[in-house]
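Hello,

Here is the structure I promised to pass on to you. Please open it next to this email and follow along as you read.

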Amino acid sequence: MQLIEKAPAKINLGLDTPYHHQDGAEEWNMVMTSVDLADYVEIQTLTKHKRIRVASDSGFLPNDQRNLAFQAANLLQTNYHIDEGVNIRIKKNIPVAAGLGGGSSDAAAVLRGLNQAWSLGLSWQELAELGLQIDSDVPYCVYGRTAHVRGRGERITPLSKLPAAWVVLAKPKVSVSTPSILQQIRYDQLDHPDIDALLRAVREQDIAGMCAVMGNALEPLTTHRYPEITQLKQQMMKFGADAAQMSGTGPTVFGLCSKQSRAQRVFNGMKGFCREVYLVRPLP
């Protein structure tokens with residue numbers, strides 16, 4: 001069987017980690033949404049052998065066991081004793097190591113696609129719980145819609161669609177190692193955003209309220225190391241974004257705009273400061 005799965009980028013409208021578990025894993029409290037910048041994952045199952053092969057059009061992605069899409073295929077193949085192999089080809093549009101969940105979304109696409117191809121009959125919640133073994137963003141990416149994300153990343157509560165908005169993404173030239181940022185967390189020093197207020201604003205379709213309470217508890221840790229992130233935020237606000245924030249552990253900054261004309265102005269302005277700039281919409 002051969003099929004293609006869309007793997008959209010995600011952004012964190014709100015990101016908080018209130019504490020960590022005894023094993024060191026972070027407890028998350030986040031509001032996430034997906035946007036229409038996406039990778040495309042072609043999945044072909046093979047009956048002649050059990051090999052898993054991954055290829056992509058990006059020179060920055062590993063094609064072996066380090067690749068999250070490879071890990072997703074291996075996880076299902078092993079857990080469900082599948083005697084078929086898989087060829088996976090990834091058309092990359094999402095920047096790598098950008099805080100946009102590209103690798104996690106690719107892995108989630110493989111989980112969804114192979115669940116169908118191998119007739120496993122797993123629910124999205126079951127796929128999300130499996131995905132947590134790969135990365136904490138994979139469970140959300142299985143759903144790929146606006147959601148409240150808690151626990152270690154596996155507790156997904158879908159939310160209503162966002163009010164009409166446009167998003168400008170800008171990725172500086174730096175790449176950020178998520179583990180290196182997480183190791184710096186000092187919980188008594190974090191500024192915790194008001195996730196409950198953000199959830200209320202999303203439910204009430206109040207984009208001004210959303211912009212007023214958005215926050216990312218990890219942003220100060222990353223911007224301390226990479227001050228250019230703060231500079232991008234300042235430029236986005238200067239050009240007219242209603243709010244600007246770092247996504248995930250960075251370094252991508254996104255600007256939220258309630259009007260398309262303003263988003264276009266921000267997009268045009270940011271192209272003078274950053275090579276990788278995208279104008280996108282949240283997915284419905």
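Predicted model: local features only at pLDDT ≥ 70, side-chain atom pairs only at ≥ 80, totals over all residues.

The partner is leucine 256. S9 and S10 make a hairpin, with six residues between them. Have a look at glycine 248 in the turn, where phi is positive, about 60°.

Now look at S10 itself, which covers residues 253–257. Five of its five residues are buried, making the strand mostly covered. Val253, Gly255 and Cys257 point one way from the strand, while Phe254 and Leu256 point the other way.

A disulfide is a covalent bond between the sulfur atoms of two cysteines. How many disulfides does a search of the whole structure find? The count is zero. For cysteine 211, the closest cysteine sulfur is that of cysteine 257, but at 8.3 Å it is too far for a bond; a disulfide here needs the two sulfurs within 2.5 Å. Both cysteines count as buried because their relative accessible areas, 16% for cysteine 211 and 0% for cysteine 257, are under 20%.

Finally, go to the stretch that an unreviewed UniProt entry annotates as "binding site", which includes Pro95, Ala97, Gly103 and Ser105.

- Alanine 97 sits in the loop between strand S4 (85–91) and helix H2 (102–117). Its relative accessible area is 36%, so alanine 97 is partly exposed. Leaving out residues up to four places away in sequence, alanine 97 touches Lys171, Ser175, Val176, Gly250 and Pro251.
- Glycine 103 is part of helix H2. With a relative accessible area of 30%, glycine 103 is partly exposed too. Leaving out residues up to four places away in sequence, glycine 103 is in contact with Leu68 and Lys92.

Enjoy exploring, and write back with any questions!

Best wishes

Definitions and conventions:
Residues numbered from 1 in each chain as written. Heavy atoms only, no water. UniProt positions renumbered as here; feature names shortened; annotations may be inferred. Helix = DSSP H or I, 4+ residues; strand = E, 2+ residues; numbered from the N terminus. Buried < 20%, exposed > 50% of the residue type's maximum accessible area, 1.4 Å probe, protein only. Contact = heavy atoms within 4.5 Å. Pairing = 2+ DSSP bridges.
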